[in-house]
Amino acid sequence: MSHEPWVKPHGAWLMAHGSSLKMDQLINPISQLKGQLRAPSDRSITVRATLLGGIADGISVVRMPLRCDDTDACLDCMRRLGVEIENLELKIENEELSDTNSPFSIFNSKFIIHGRGLHGLQAPTERLFCGSSGATMRLLSGLISGQAFNSVLDGTAQLRKRPMRRITEPLRLMGAEIDDAAGCAPLEIGGRLTPLQGMVYPTPVASAQVKSAILLAGLYAEGETVVGETAKTRDHTERMLAAMGVPMEAWQADGRYWAKMRFTPSLKPFELTVPADFSSAAFFMVAAAIVPNTTLTLLDVGMNPTRTGLLDALRLMGAQIAIRNERMEGAEPVADLDICAPHGLKGIEVHGELTARSIDELPILAVAATQAHGTTLVRNAEELRVKESNRLEGFVAELHKLGANIEPTADGFVVHGPTPLHGAVVDGLGDHRVAMSLAVAALVANSPTTILGADCVSKTYPGFYDDLAGLC
Ligand code: S3P
C-alpha cells in the first residue's frame, strides 16, 4: 500500500492506494495541462499483427507493439498454438525505467514472430485463455475455425458475459463446428480436415470484430468470402491482409460497405511499426479541449479514417485541431496533433457513420459534452451496452455522480451542458474506458474524485495515470 501523494505543479496531484487486487485512484482538479505525449501503441493493430504474424510464411517484425492485459492474452494464445514470439526490449540503463509501461521501453520493444504458415499451428494442450480481450476471442475464433485440431477458447468472467453468437453463427454458416454456451464463451471449436466454405454475409451488427473473424476464417475457405456492413468499421484486418498478399477488394453498394477476399495459399510475413492508439490518445484530446489554458501535442497518432470520428466531433464542437507530419506507417496513416479549445465547446448531434467511427470514444465524448454549451445527442450507439461494461447505463450513472446532466436513451445518451462538475467517489466498473473517462472528467471538477477499481485501465493502457500526471 502506498499513501504518498505525488504533488505536481498547478496544484494537481494523483495518489494511488490499494492492494494487488484493486487499486483506487485519487484525481485532483487542475487548472492547466501542458506538454506532449505519445500514447501507447494501437491495441487493434497489435492483436491483428500477433495473430496474422503467427500464420505467416516466415518471420514478421512488429516494432513498438502494445503491451497490456489484452495483447498479453493474445500473445499467450498464439504461443500455446506453437508460435515462437520473441519480445525484444533494448537494454535499459536506468533501473527505474525497466517498467514495461515507461515510454522508454514502449519505444524500444519489438516482437519477432516466427510464423508457422497457414497450416502449421499446433494443437493446444490447454484452453486458449483470451483474458478479457473480446478482439482476441472473436478474431482467434475465425482463425481457429479452419484448423485440423480441437480447441477451447475461454476468458474472464467479464468476457464470458459478452455476446459471441454474432461470430459463431456466421462461422457455422461457413462450416465451422462451434459450441457456444448459450451464445457466450467458452467456445468449443472442432477440428476439420476439409476447407471451410466462402460466403457472402451481410452482418446484422456493424462490428470490426465480426467482420475480421469471418475474413480470418476466409483464409481457410474455398472460394470468395464477402462481408457487408451497414457502417464502415475499422479496416485494420483488410489492410494487413492486403499487405500480406491476400487479394482484397472493398466497395459500397445497397447501403453497405463490402469487403471481399480471395483464397491465397500462403501469407507473406511483414514488418510494421504500430502507431499510437487513437482510442488511448482520445482521453488526452478531450482533456486538452476541456481543461482551460491547455494545448497538448499528441505524437504518432494512428489516423485510420475508420477510427477518427472523435476528431470530427471535437471540431464540430469548436475545438481547434492541427494535424501535422501526416505520414504512412506501413498500411496505416499516422500524424501528430495539436489540440486546444480556446473558445469553448458547443453541443452537437452524433449518429450513423460518425457513431461507428467513434464507437470506443463515446464515453470520453460524453465528458466533453458536459463542458459544452447546449445539448449533445448520441444516437445509433446500442453497441455500448455490450462492451466491457454496459456503457449506456453504468457509465452514464457514474458520470452523473460527478454532477453531469446526462441521461441514457434507447440507443445512446443525451447531455445538457455546460455543467460544473464536483468531486465524488465513482467506480471504474472494471471497464478501462469508463475509468479513464471519469479521470478526465475529474480534472475539471471543483474537488477531488476517487475512482474505485481504477487499475482496470491495464486492459489497454497500464501507464495511464502516470501519463496524465506527467502532463499536469
Ligand atoms: C475492435 C472493434 C470494436 C471496438 C473494440 C476493438 C477491434 O468492437 O469496440 O474496442 O479491434 O476490432 P466491435 O467490433 O465489437 O464493435
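**Entry 1: strand β15 and its partners**

I began with strand β17 (residues 256-261), which is joined to β15 by five bridges and runs antiparallel to β15; strands here are DSSP runs marked E of at least two residues, helices are runs marked H or I of at least four, and both are numbered from the N terminus. Two strands count as paired if DSSP finds at least two bridges between them.

Before going on I noted that this is a predicted model, in which local features need pLDDT of at least 70 and side-chain atom pairs count only at pLDDT 80 or more, while totals for chains, interfaces and linings use all residues. I also noted that residues are numbered from 1 along each chain as its sequence is written, and that side-chain values use heavy atoms, with hydrogens and water left out.

Val200 stands opposite Val226 in β15, and Pro202 has Gly228 as its bridge partner.

**Entry 2: the sheet**

I then traced the open sheet, whose four strands follow the order β13-β15-β17-β16 with mixed pairing. Its edge strands are β13 and β16 (248-253), each of which pairs on one side only. Neighbouring strands are turned against each other by 15 degrees on average, direction ignored; axes are lines fitted to C-alpha atoms, for helices over the stretch in contact, and angles run from 0 to 180 degrees between N-to-C directions. Helix α7 (residues 208-218) lies across β13, β15, β16 and β17 and runs at about 170 degrees to β15.

Why is β15 largely enclosed by the rest of the structure? Five of the five residues of this strand (residues 225-229) are buried, so β15 is largely enclosed. Buried means under 20% relative accessible area, exposed over 50% and partly exposed in between, with a 1.4 Å probe and protein chains only. Thr225, Val227 and Glu229 point one way from β15, whereas Val226 and Gly228 point the other way.

**Entry 3: aromatic pairs**

I looked up the aromatic pairs and found six; rings of Phe, Tyr and Trp (its six-membered ring) pair if their centres lie within 6.5 Å, and planes under 30 degrees apart count as stacked, over 60 as edge-to-face and the rest as tilted. The ring centres of Trp251 and Trp258 are 6.4 Å apart and their planes stand at 15 degrees, so this pair is stacked. Trp251 is partly exposed at 33% relative accessible area, while Trp258 is buried at 12%.

The ring centres of Phe464 and Tyr465 are 5.2 Å apart with planes at 75 degrees, so I recorded the pair as edge-to-face. Phe464 is buried at 0%, and Tyr465 is buried at 7%. Ring pairs link Phe283, Phe284, Tyr461, Phe464 and Tyr465 into a cluster.

**Entry 4: the cores**

Lastly I looked up nonpolar cores, which are sets of buried Ala, Val, Leu, Ile, Met, Phe, Trp, Tyr and Cys residues joined through side-chain atoms within 4.5 Å. The largest has 83 residues, and Phe464 and Met285 are among those with the most contacts inside it. Its largest share, eleven residues, comes from helix α9 (residues 278-290). Apart from this core lies another of 61 residues, including Cys77 and Val227.

How values were computed:
Contact means heavy atoms within 4.5 Å.
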